[in-house]
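Biologist: Could you bring up the model and walk me through it? I am new to this one, and I would like to ask as we go.

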Amino acid sequence: MEPECSLEYFSVQVAQRDVSRRLQVGQELIDYLGDPRRSVDVDHDQKRTLDDIVDELTGWVNSSNFKVTLLALDVIAALVDRIKDRFKPHFGTVVPALVDRLGDTKDQVREQTQNLLIRIMDQAVSPQYVWERLTSGFKHKNFRTREGVCLCLITTLNTYGAQPLTLSKIVPHICNLLGDPNSQVRDTAMSAMVEIYRHVGEKVRADLIKKGVPQVRNEPQLNLTHLFFES
């Protein structure tokens with residue numbers, strides 16, 4: 001006889017350390033969250049049980065097994081879809097792990113992490129709320145994370161435009177990355193800056209004049225003054 005599923009049941013099951021069991025439980029939880037008739041307790045949870053589940057899923061996101069990581073991202077996405085703005089108190093728990101995964105060695109993990117962040121902006125919290133907590137990624141020790149945060153910014157701008165964001169707080173981070181030791185980061189930061197300029201035009205020009213434009217190491221062709229000031 002199969003056990004009766006509930007949030008309490010899953011709060012225990014997600015604590016499993018066995019990979020095969022995690023893969024099984026994760027899919028079961030996705031199915032459970034996707035069926036409101038079976039999972040009525042999700043709508044009445046007092047937050048504590050969801051806290052426990054999100055805490056454990058954050059550990060899954062940080063797993064060394066990429067299949068567990070990908071499944072964890074899927075489960076969190078299903079949870080966001082189900083509880084929507086009630087996910088807001090849990091975002092702070094998962095965001096450090098998501099920032100790290102933006103720099104994962106596997107393309108699929110990086111892409112799925114970015115997709116989850118966009119989904120959170122769409123379903124749970126405002127883009128600005130998310131970006132206030134993502135800026136640490138611009139200074140991350142992993143160059144792929146620094147690059148990934150820039151890519152996520154480009155996607156955010158293409159999805160929501162500039163209005164929901166306080167770009168004046170983000171532009172200095174992008175300027176710093178134009179002088180990053182890694183060429184991929186420099187190139188992606190340039191793409192992000194061009195995207196910002198495409199959306200806000202003269203506002204970013206004024207901000208760059210005010211703050212000054214950093215030298216772009218060994219890349220004279222990547223000259224912001226040429227790109228933004230020559231018409």
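Biologist: Where is Lys84 placed?
Modeller: In this predicted model, Lys84 sits in the loop between H5 and H6, where helices (H or I, at least four residues) and strands (E, at least two) are DSSP runs numbered from the N terminus.

Biologist: Is Lys84 buried, exposed or partly exposed?
Modeller: Lys84 counts as partly exposed because its relative accessibility is 38%; buried means under 20% relative accessible area, exposed means over 50%, and partly exposed is in between, with a 1.4 Å probe and protein chains only.

Biologist: And what is phi of Lys84 near?
Modeller: Phi of Lys84 is near 50°, which is a positive value in a residue other than glycine. Most residues other than glycine have a negative phi.

Biologist: Before we go on, what should I know about the numbering and the values?
Modeller: Residues are numbered from 1 along each chain as its sequence is written, and side-chain values use heavy atoms, with hydrogens and water left out. As this is a predicted model, local features need pLDDT of at least 70 and side-chain atom pairs count only at pLDDT 80 or more, while totals for chains, interfaces and linings use all residues.

Biologist: OK, what is the mean pLDDT of the chain?
Modeller: The mean pLDDT, the predictor's confidence in each residue on a scale from 0 to 100, is 89 for the chain, and 87% of the residues reach 70 or more.

Biologist: Where does pLDDT stay under 50?
Modeller: That is the case over residues 215-222, for which the model has 13 contacts beyond four places in sequence; contact means heavy atoms within 4.5 Å.

Biologist: How many helices and strands are there in the chain?
Modeller: The chain has 13 helices and zero strands. Of its 231 residues, 51% count as buried, and among contacts with a separation of 6 or more, 69% come from residues 24 or more positions apart.

Biologist: Let's look at helix pairs. At what angle do H4 and H6 pack?
Modeller: Helix H4 (residues 48-61) and helix H6 (residues 88-101) pack at about 5°, with their axes 9 Å apart. Axes are lines fitted to C-alpha atoms, for helices over the stretch in contact, and angles run from 0 to 180 degrees between N-to-C directions. H4 and H6 are therefore roughly parallel to each other, since angles under 35 degrees count as roughly parallel, over 145 as roughly antiparallel, 65 to 115 as roughly perpendicular and the rest as oblique.

Biologist: Which residues in H4 and H6 meet?
Modeller: On the H4 side they are Leu50, Asp51, Val54, Asp55, Thr58 and Val61, and they meet His90, Thr93, Val94, Ala97, Leu98 and Arg101 in H6. By class, this contact of H4 with H6 has six nonpolar, three polar and three charged residues, where Ala, Val, Leu, Ile, Met, Phe, Trp, Tyr, Cys and Pro count as nonpolar, Asp, Glu, Lys and Arg as charged, and the others, Gly among them, as polar.

Biologist: What about Arg82, which residues does it touch?
Modeller: Arg82 lies in helix H5 (residues 66-83) and is buried, with a relative accessible area of 16%. Not counting residues up to four places away in sequence, Arg82 touches Tyr32, Leu33, Asp35, Pro36, Ser39, Val40, Val42 and Asp43.

Biologist: Back to helix pairs: how far apart are the axes of H9 and H11?
Modeller: The axes of helix H9 (residues 143-160) and helix H11 (residues 183-200) are 9 Å apart, and the two pack at an angle of about 20°, so H9 and H11 are roughly parallel to each other. Their contact includes Phe143, Cys150 and Leu157 of H9 and Val185, Ala192 and His199 of H11, and by class it has 10 nonpolar, five polar and four charged residues.

Biologist: And how do the axes of H7 and H9 cross?
Modeller: The axes of helix H7 (residues 107-123) and H9 come within 10 Å and cross at roughly 40°, which makes H7 oblique to H9.
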